[in-house]
Amino acid sequence: MTPAARLAAAASVLDSIAQGRAPAEVVLKAWGAANRYAGSKDRRAVADRVYKVLRARGRLSWAMGGREDGRALVIASLSLIDGLPLEEIEALHSGEGYGPRPLSKQERSRLTAADGELPGWVASGLPELAVEDFRATFGERWAEEARELMAPRAPIDLRVNGAVATVDEVEAELRDAGLSPERTPFSAFGLRLASEPPPNIQALEGFKAGRFEIQDEGSQIVSWLAGAAPGLTVVDYCAGGGGKTLALVQAMHGQGRLVACDVVQKRLDNIRPRLARAGVEAELRLLGQNGGGAEDLNDQADLVFVDAPCSGSGTWRRRPEDAWRLTSEEVERLHALQVRILQQAALLVKPGGRLVYVTCSMLSRENEASTAAFEAGHPAFQPRPIADALAGPGLTGDGRTRLAALADGHRLRLSPAAAHTDGFFAALYERRG
């Protein structure tokens, strides 16, 4: 493919992403399958352009007068990201072959005017609905938090399955495979791969044999903070894909009872092979949309872990397209759902037991506001300081110290800027007798 044809392809992929709900990665894979003539370098170039545009979409759209179609965004990226002069951009838009059609008069004029001063929300890289939230939450650090959240591709973190392998063994195995793993600073079972392009982890023998799983260090941290331990009855109330389920099982050393719940059967079905691969067991339970189906567990659980449905804004560095799909109405819907789920999950906690609330969101409406609403109506659930939960074996010594500094009483925020993890929020509670 010519450079011009790659630009046209990137614009087409961006339009497909905007028209659906599929992740950019999935759309790019479908495009590659439908265009077999595109070689590996072509596919990589198209993907790089797509992700560059997605991460800078607010700025690029502003520069093009509010246009959000793939063509306009790609044109703006050539100027504002690549720094190409107008003449070179025009040469790439000659209309020849499979390249994009020539620039219009309006497109030329937008490019020449694109160097003006950017509005604050545009310069941040965030969608406008998140800017005021970030300012209120992070104060003077808000721009740094925004920049890191929308930064280029995040590393791949792995969690070693301590039941079948040591971190040293897996680290050596990965090095033998030509990779360069590093120890994660917080999780004692974490390894980080920052190589480019990202390796196909699922093709490695160690992954197939269950010696390690893909799991961001932030996800590992909140799993270890929950305090799952041998002999406990643990309920993973919103199991989802099962990543934290596996970490909770690991902390229990195969002793005790873990019940993984979800309202979608397909998610539970997807957890089964992951449990089998890791060599561990858990009960899988389908709940009704109103939370019904767990009444027999009322007042029985030592620990109820609520990884609540959320915007996923903490993962925008991995899926920047999601930042531009989120609406204020969706945030409000999620907030109401989170409060309701917490109320339902609390019924399962026995006196003296723990309730842990987790999101992978950076937005206060899904974090502090949801927990505050729960606390107001549930005085029997006493906030439990994060500092009291740092003694578990899943954390490194230095990691405990650093997490204590990041904690705010019973609440903890992790972010790409503060912890070099995805964005996570956790709040801990203990039910009074």
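1. Exposed here means over 50% relative accessible area, buried under 20%, and partly exposed in between. At 57% relative accessibility, H253 therefore counts as exposed. The model is a predicted one. H253 sits in the loop between helix 14 and strand 6, and its phi is positive, about 55 degrees, although the residue is not a glycine. Most residues other than glycine have a negative phi.

2. With a relative accessible area of 45%, H420 is partly exposed.

3. D422, in the loop between helix 19 (416-419) and strand 13 (424-431), is paired with R317, in the loop between strand 8 (301-307) and helix 16 (328-346). The side chains of D422 and R317 meet at 2.8 Å, N to O. The pair links distant parts of the chain, the two residues being 105 residues apart. D422 has a relative accessible area of 3% and is buried; R317 is buried as well, at 7%.

4. R319 forms a salt bridge with E321, with the closest N and O atoms 3.8 Å apart. A pair counts as a salt bridge if the nitrogen and oxygen are within 4 Å, so the R319 to E321 contact qualifies. R319 is partly exposed at 30% relative accessibility, whereas E321 is buried at 3%.

5. R257 and E283 form another salt bridge, at 2.7 Å from N to O. R257 belongs to strand 6 and E283 to strand 7, and the pair links distant parts of the chain, 26 residues apart. Both ends are partly exposed: R257 has a relative accessibility of 31%, and E283 has one of 33%.

6. On salt bridges overall, a search of the whole structure finds 35. Some are joined up: R67, D69, R71 and E107 are linked in a network of salt bridges.

7. Helix 15 covers residues 265-278, which is 14 residues. From its first C-alpha to its last, helix 15 reaches 21 Å, close to the 20 Å expected at 1.5 Å a residue. The buried residues of helix 15 are L268, I271, R274, L275 and A278. Viewed down the axis of helix 15, these buried residues fall within an arc of 115 degrees, so they line one face of the helix.

8. What do the buried residues of helix 15 pack against? Their partners are strand 4, helix 14 (243-252), strand 6 (257-262) and strand 7 (283-286). The face of helix 15 turned away from its buried side carries K266 and A276, which are exposed. After helix 15 comes G279, with a positive phi near 75 degrees.

9. Strand 4, one of the elements packed against helix 15, also belongs to an open sheet of 4 strands. The strand order in this sheet is 2-3-1-4, with antiparallel pairing. Strand 2 (182-183) and strand 4 (212-214) stand at the edges with a single partner strand each, so one side of each has no neighbour in the sheet.

10. How many bridges join strand 2 to strand 3? There are 2, and the strands run antiparallel, with strand 3 covering residues 190-193. R183 has L191 in strand 3 as its bridge partner. Helix 13 (residues 217-225) lies across strand 1 (156-160) and strand 3, and runs at about 35 degrees to strand 1.

11. P197 is found in the loop between strand 3 and helix 12 (205-208). P197 is exposed, with a relative accessible area of 54%. P197 and R44 are 153 residues apart in sequence, yet 9.1 Å apart in space, C-alpha to C-alpha.

Definitions and conventions. Residues are numbered from 1 along each chain as its sequence is written. This is a predicted model: local features need pLDDT of at least 70, side-chain atom pairs count only at pLDDT 80 or more; totals for chains, interfaces and linings use all residues. Side-chain values use heavy atoms; hydrogens and water are left out. Two strands pair if DSSP finds at least two bridges between them. Contact means heavy atoms within 4.5 Å. Axes are lines fitted to C-alpha atoms, for helices over the stretch in contact, and angles run from 0 to 180 degrees between N-to-C directions. Buried means under 20% relative accessible area, exposed over 50%, partly exposed in between (1.4 Å probe, protein chains only). The expected span of a helix is 1.5 Å times one less than its number of residues. The arc is that of the directions from the helix axis to the C-beta atoms.
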